[in-house]
Amino acid sequence: MSYDKTIAQAARTELERRRSQAQETARLNLEGFLSRCPRAVEIRRELSSNASEAARAVVSGGEVRMELEQRKARGLALREEYDRLLKSQGLTRRDIEPQYTCPKCRDTGFVEGRMCDCHRALRRSIAYRQLSTGLPLESCTFESFSLDYYRDDPAAMKQMGIIFRTCREYAENFRPNSANLLFWGATGLGKTHLSLAIANAAIEKGFGVVYGSAQKYASAFEKERFSREAGEGTAGDLKNCDLLILDDLGTEFPSAYSNAGIYDVVNDRLMSGRPTIISTNLALDGLEKRYSERFASRIVGGYAMLGFKGRDVRVQKLNR
Ligand SMILES: [Zn+2]
């Protein structure tokens with residue numbers, strides 16, 4: 001259930017795989033080369049003794065300059081011979097040195113203690129893959145959202161046009177302190193489609209997005225109720241991600257415990273200024289009845305409310 005932790009772990013595993021693959025390939029190439037060319041082994045030995053002789057010359061004084069010139073020329077000749085041998089085996093120096101996917105961090109994921117760009121990109125793509133499992137992420141984009149389904153009702157058409165543009169702008173400008181949105185309206189009006197489109201865009205930008213139904217989280221809260229692990233479990237993940245999308249609020253099995261859990265997450269994110277998108281069939285009075293007055297007033301005070309209108313798109317699609 002720990003979303004962020006599994007992504008971090010998967011990224012570390014992938015970096016480790018890249019690193020050891022690059023090193024292993026280079027090592028095997030080098031071993032093969034040395035076993036086929038005994039002269040290459042000699043050259044390596046000569047190169048290292050040449051270097052230590054040069055160091056000794058400096059320490060002992062005497063004709064240092066001439067000695068060093070000779071050593072330098074000798075080293076150069078040896079390296080050229082080594083390269084010729086490599087070439088005779090169809091190899092270059094690149095083949096016997098690790099070729100990292102990211103030369104900047106040598107596939108460690110860090111440059112001078114800071115997370116490398118390749119590491120961030122890797123986490124992003126893993127998050128995207130994880131989120132897409134079981135979710136129609138690829139089909140739910142802004143491009144695939146059609147306003148045609150609202151065309152026979154001018155008021156709905158106008159309203160949905162505004163909502164569509166609002167969501168697209170929200171996604172384009174998404175930041176970890178973006179506004180909270182409440183999508184409310186009947187089933188089948190595109191609430192899930194637009195929230196997935198926003199999730200898509202935020203993930204593409206590299207933000208940590210957690211997406212799930214209220215039912216899923218309510219069950220998780222109940223399950224963790226008597227088996228609290230170290231840390232905060234599901235609630236911690238929901239509180240700390242850059243964007244939380246809570247789908248289908250109000251359809252979960254009602255329980256005082258999960259209600260309190262959901263209130264806690266929503267309230268915590270409001271306090272810390274982290275954005276949440278909630279979609280629900282319930283209007284405000286419904287939320288008040290289902291949860292509490294306190295919950296409804298939090299929503300009124302902290303969320304931009306977008307009322308979806310029209311006729312059930314899923315039914316229309318079936319009829320076409
Ligand atoms: Zn890197």
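The model is a prediction, in which local features require a pLDDT of at least 70 and side-chain atom pairs count only at pLDDT 80 or more, whereas totals for chains, interfaces and linings use all residues. Residues are numbered from 1 along each chain as its sequence is written, and side-chain values use heavy atoms, with hydrogens and water left out.

The domain assignment of the protein chain gives domain 1 (3-110) and domain 2 (134-319), such bounds being taken from an automatic or database domain assignment. The centres of domain 1 and domain 2, taken over C-alpha atoms, are separated by 54 Å. A separation between individual residues is provided by Ile277 and Ala57, which are 220 residues apart in sequence and 72 Å apart in space, C-alpha to C-alpha.

A zinc ion is coordinated at 2.3 Å by the SG atoms of Cys102, Cys105, Cys116 and Cys118, where donors are N, O and S atoms within 2.8 Å of the metal (3.2 Å for Na, K and Ca) and sites may look incomplete, since water is not among the atoms. Along the chain, the donors of the zinc ion follow the spacing C-x2-C-x10-C-x1-C. Cys105 lies in the loop between helix 4 and strand 1 (110-111), and Cys116 in the loop between strand 2 (114-115) and helix 5 (117-132), so that this pair ties together parts that are eleven residues apart in sequence. Helices (H or I, at least four residues) and strands (E, at least two) are DSSP runs, numbered from the N terminus. The arrangement around the zinc ion is tetrahedral because the four donor atoms subtend angles of 102 to 113 degrees, the criterion for four tetrahedral donors being that all angles lie between 85 and 135 degrees. Ideal angles for four tetrahedral donors at a metal are 109.5 degrees. Cys105 is buried, with a relative accessible area of 3%, and Cys116 also counts as buried, at 3% relative accessibility; the term buried denotes under 20% relative accessible area, exposed over 50%, and partly exposed in between (1.4 Å probe, protein chains only).

Strand 6 (residues 276-280) is mostly covered, with five of its five residues buried. Thr276, Ile278 and Thr280 point one way from strand 6, while Ile277 and Ser279 point the other way. In a regular strand the side chains alternate between the two faces of the sheet. Ile277, which lies in strand 6, counts as buried at 0% relative accessibility. Strand 6 pairs in the parallel sense with strand 3 (residues 180-184) over four bridges, pairing being assigned if DSSP finds at least two bridges between two strands, and in this pairing Phe183 has Ser279 as its bridge partner in strand 6. Strand 6 also pairs in the parallel sense with strand 5 (residues 243-249), over four bridges, and here the bridge partner of Leu246 is Ile278. From strand 5 the chain crosses through helix 10 (residues 256-272) to strand 6 in a right-handed β-α-β crossover, a crossover being right-handed if, with the strands pointing away from the viewer, the path from the first strand over the helix to the second runs clockwise. Strand 5 and strand 4 run parallel and are joined by five bridges, with Tyr211 standing opposite Ile245 in strand 5. Strand 4 (residues 209-213) is largely enclosed by the rest of the structure, because four of its five residues are buried.

The structure holds 19 salt bridges, each defined as a side-chain nitrogen of Lys or Arg within 4 Å of a carboxyl oxygen of Asp or Glu. Arg39, Glu42, Glu46, Arg74 and Glu81 are linked in a network of such contacts. In helix 2 (residues 38-60), Arg56 and Glu53 lie three residues apart, about one turn of the helix, and their side chains meet in a salt bridge (3.2 Å, N to O); Glu53 is partly exposed, with a relative accessible area of 28%. Asp83 forms a salt bridge with Arg93, with the closest N and O atoms 2.9 Å apart. This pair links distant parts of the chain, Asp83 in helix 3 (residues 64-88) and Arg93 in helix 4 (residues 93-96), ten residues apart. Asp83 is partly exposed, with a relative accessible area of 31%, and Arg93 counts as partly exposed at 35%. The side chains of Arg151 and Asp148 likewise meet in a salt bridge (2.9 Å, N to O), in which Arg151 counts as exposed at 51% relative accessibility and Asp148 as partly exposed at 39%.

How values were computed:
Four donors count as tetrahedral if all angles lie between 85 and 135 degrees; four count as square planar and six as octahedral if opposite donors are over 155 degrees apart and all others between 65 and 115; anything else is irregular.
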